[in-house]
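Welcome! Take a moment to look over the chain, and then we can go through some of its side-chain partners together.

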Amino acid sequence: MPHVDHDHPHALLPPEPALRVKALETILTQKGLIDPAALDEIIDTYQNKIGPQNGARVVAKAWTDPEFKQTLLQDATAVMADLGYYGRQGEHMVVVENTPEQHNMVVCTLCSCYPWPLLGIPPGWYKSDAYRARAVREPRKVLTEFGVTLPPDTSVRVWDSTAEIRYLVLPMRPEGTEGMSEDDLAALVTRDSMIGTGLPKVPS
């Protein structure tokens, strides 16, 4: 007979991940190890203040304001600071523009340097060894696996993020978006399009 010990703490945790998290939060709160108010603030920050919606707003403004776009390409760090998108993992930003001649793609070959204030927490695949190695060796093939097929005459440039410099891709504005507001344009900008492993949505 297999040994079953229902007194083990792990057996008392609810089966669903969300319930497990809540149970763990309750235990840590009861032990005085965390402050629920501080935890709520952290969650709110990452859900509503830090994330790809910030980068999408920047892209949409660049699509509609040529002067802003030029300044962004010249000194992204200063522009982001003015917009309030700075802090941990958001220092020393560089924005690279996709064009019909060149498609840009971002990777961090050493670890997972990533512009958190603009894109939120990096996806799992961005931190994987496979992506970090293959994005440099065979970027066009990696893009195809992400569903991005580029014209043969479009070159691919890979930018290596570091602790000193983090990159954001300015994707090309989709056709058929003339007259759209910045908010509507921002809704077309995907996280992956700002890494270079995707393209913006097309208007329906």
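This is a predicted model: local features need pLDDT of at least 70, side-chain atom pairs count only at pLDDT 80 or more; totals for chains, interfaces and linings use all residues.

Residues are numbered from 1 along each chain as its sequence is written, and side-chain values use heavy atoms, with hydrogens and water left out.

Q: How many aromatic pairs are there?
A: Rings of Phe, Tyr and Trp (its six-membered ring) pair if their centres lie within 6.5 Å; planes under 30 degrees apart are stacked, over 60 edge-to-face, and the rest tilted. Under this rule, the count is 7 aromatic pairs.

Q: Why is the pair of Trp125 and Phe146 classed as it is?
A: The ring centres of Trp125 and Phe146 are 4.7 Å apart. Their planes meet at 65°, so the pair is edge-to-face.

Q: How many residues apart are Trp125 and Phe146?
A: Helices (H or I, at least four residues) and strands (E, at least two) are DSSP runs, numbered from the N terminus. Trp125 belongs to helix 7 (residues 124-127), while Phe146 is in the loop between helix 9 (139-145) and strand 3 (155-160). The pair links distant parts of the chain, 21 residues apart.

Q: What is the angle between the planes of Tyr131 and Phe146?
A: Tyr131 and Phe146 also form an aromatic pair, 6.3 Å from centre to centre. Tyr131 is in helix 8 (residues 129-137), 15 residues from Phe146. The pair is edge-to-face, and the angle between the planes is 85°.

Q: Is Tyr131 buried or exposed?
A: Buried means under 20% relative accessible area, exposed over 50%, and partly exposed in between (1.4 Å probe, protein chains only). Phe146, at 29%, is partly exposed. Tyr131 has a relative accessible area of 6%, so Tyr131 is buried.

Q: Which residues form one aromatic cluster?
A: Trp125 and Phe146 are an edge-to-face pair, and both belong to the cluster. Its members are Tyr114, Trp125, Tyr126, Tyr131 and Phe146.

Q: Which ring has the charged end of Arg157 over it?
A: A charge sits over a ring if NZ of Lys or CZ of Arg is within 6 Å of the ring centre and within 35 degrees of the ring normal. Lys61 lies over the face of Phe68, 5.3 Å from the ring centre. For Arg157, the charged end is 3.8 Å from the centre of the ring of Trp159.

Q: How many salt bridges are there?
A: Side chains of opposite charge can pair when their charged atoms come close. A salt bridge is a side-chain nitrogen of Lys or Arg within 4 Å of a carboxyl oxygen of Asp or Glu. One of them joins Asp65 to Lys61, with the closest N and O atoms 3.7 Å apart. By this rule the total is 6 salt bridges.

Q: How many residues apart in sequence are Glu97 and Lys69?
A: These side chains meet in a salt bridge, at 2.5 Å from N to O. Glu97 lies in strand 1 (residues 93-97) and Lys69 in helix 4 (residues 66-74), so the pair ties together parts separated in sequence by 28 residues.

Q: Which residues are linked with Arg134 in a network of salt bridges?
A: The side chains of Arg134 and Glu138 meet at 2.5 Å, N to O. The network links Arg134 with Glu138 and Glu145.
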